[in-house]
Amino acid sequence: MVDYSKFFSEYVRSIKASDIRELLKIVEKGNVISLAGGLPDPRSFPKDEIAKIAREVIERFGEKALQYSPTRGVSYFLEAVKNFSIRHGVAVNEGDGIITTVGSQQALYLLGRAFLDPGDYVVTEEPTYLGALQAFRGIGVRYLTVPIDEDGMRTDKLEEVLKKAKSEGLRLKMIYTVPTCHNPAGTTLPMDRRRHLLELAEEYDLIVVEDDPYSFIAFEERDVKPLKTLDRSGRVIYLSTVSKILAPGLRLGWAIGPDPLISRMELVKQEIDLHTSTLSQYIAAEAMNRGVIDRHIPFIKRLYREKRDAMLAALEEYMPEGIKWTKPIGGLFVWVWLPEGVNSRKLLEKAIEKGVVFVPGDPFYPSGGGENTMRLNFSYPSPEEIREGVRRIAEAIREYQG
Ligand SMILES: *Cc1c(COP(=O)(O)O)cnc(C)c1O
């Protein structure tokens, strides 16, 4: 018998499997309603159009689309991303570069490797996106977290956090934020707070990473502009992806920002995978250029709005007093604050008995806390499952509270 564990590197030993993932394996077995996932509704994938484009791309551009391509990305795709971004209000400035990545997840990883050293501090919302925490984990960064309310990051608190960090001489580099349709919180930052955040980034000389997979499919209008568009000093790196507007399986994202920063990300990417799938880039470029994505967006918005409405109505109807939740205008999640003292992991055990699962909120708090919070997904389950799932969670809460 070979003892495989002796071959494991220090690095891989330091990675621990998420205990929540383990818990969620239960779902795959039984007759359990899951409000725990984070998957888009497969009905949001324009399958026929993608099939047609894939065939035509291979027939027409096969020699290029199946070949190795530049680390930065296929210029045909980079141009399509630029036009798509500008069309949707995301500024691409003189001096900006764009890089294609294997989903936004890789962009986060590249950012970490290119700009963060062990012991550097990253400022995030509390709660924040788990994918970002995972991408930065191996570097040994530390976090300063800023509480949110129904409108997202409290920039008054951000100011306090930055002031304190500076007085303590902490090595601050980056604000990582999901300003629009936050994952996991479902919040959207209003314009005045966006301006305030950028002023603070200037004052404290930080780079801002704006992770924006959702603004294209926000199903309610809000008068907000991307931080990238409001940025006057060239310190925002904007990330987006086809994962929520076309298909996550294409594994295709991009980062737009000042070229000196983007070119450092490119250096890291070259070491990892040479380049992003050429074929995925050609398919997505065609989907953008032919207007497939733009024409499909209203359908995705309707789909998710209906489910969001089902979830908010069920919460309103079933939840006991003393519970608060966000009212997202887009994205995939509603965030719930349970009364102080209710532990959502313990609640989850009860919920599983009742045949429903959600994600407890504490893993989204990199500096601890959040034990009385949870994340509910509305994109994947049907409206009927959402209703019944929320009803069961409410029942579990009542029992928990005795
Ligand atoms: C879904 C999501 C992404 C998308 O990641 P990909 O790697 O592009 O699939 C990025 N950031 C946030 C906050 C998300 O919710």
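Analyst: Let's start with one set of words: a residue is called buried under 20% relative accessible area, exposed over 50%, and partly exposed in between (1.4 Å probe, protein chains only). This is a predicted model, in which local features need pLDDT of at least 70 and side-chain atom pairs count only at pLDDT 80 or more, while totals for chains, interfaces and linings use all residues. Residues are numbered from 1 along each chain as its sequence is written, and side-chain values use heavy atoms, with hydrogens and water left out.

Now to the ligand. Some of the atom pairs here are polar contacts (N or O atoms within 3.5 Å of each other). Take Tyr-214: an N or O atom in its side chain is 2.6 Å from an oxygen atom of the ligand. Gln-105 uses its backbone instead, with an N or O atom 3.0 Å from a ligand oxygen. Arg-251 brings a polar side-chain atom to 2.8 Å from an oxygen atom of the ligand.

Let's stay with Arg-251 for a moment. You will find Arg-251 in the loop between strands β8 (236-241) and β9 (253-258). Helices (H or I, at least four residues) and strands (E, at least two) are DSSP runs, numbered from the N terminus. The backbone of Arg-251 has a positive phi of about 50°, although this residue is not a glycine. With a relative accessibility of 33%, Arg-251 counts as partly exposed.

Cys-181 also has a positive phi without being a glycine, in this case about 55°. Is Cys-181 buried or exposed? Its relative accessibility is 0%, so Cys-181 counts as buried. Cys-181 belongs to the loop between β6 and α8.

Pro-184 also sits between β6 (172-177) and α8 (191-203), in the loop there. Where can you find Pro-127? Pro-127 is in the loop that runs between β3 (121-126) and α6 (130-137). Its peptide bond with Glu-126 is cis too, with an omega of about 10°.

Leu-66 and Gln-105 are 39 residues apart in sequence, and their C-alpha atoms are 23 Å apart in space. Leu-66 lies in the loop between α3 (47-65) and α4, and at 58% relative accessibility Leu-66 counts as exposed.

Helix α4 itself covers residues 75-87 and includes Ser-75. The relative accessible area of Ser-75 is 58%, so Ser-75 is exposed. Which distances separate Ser-75 from Tyr-282? Along the sequence Ser-75 and Tyr-282 are 207 residues apart, while from C-alpha to C-alpha they are 9.9 Å apart in space.

To go over this yourself, begin at the ligand and find Tyr-214, whose side chain has an N or O atom 2.6 Å from a ligand oxygen. Then move to Arg-251 in its loop between β8 and β9, and finish with Cys-181 in the loop between β6 and α8.

Terms used:
Polar contact = N/O pair within 3.5 Å; in protein donor to acceptor, adjacent residues only side chain to side chain.
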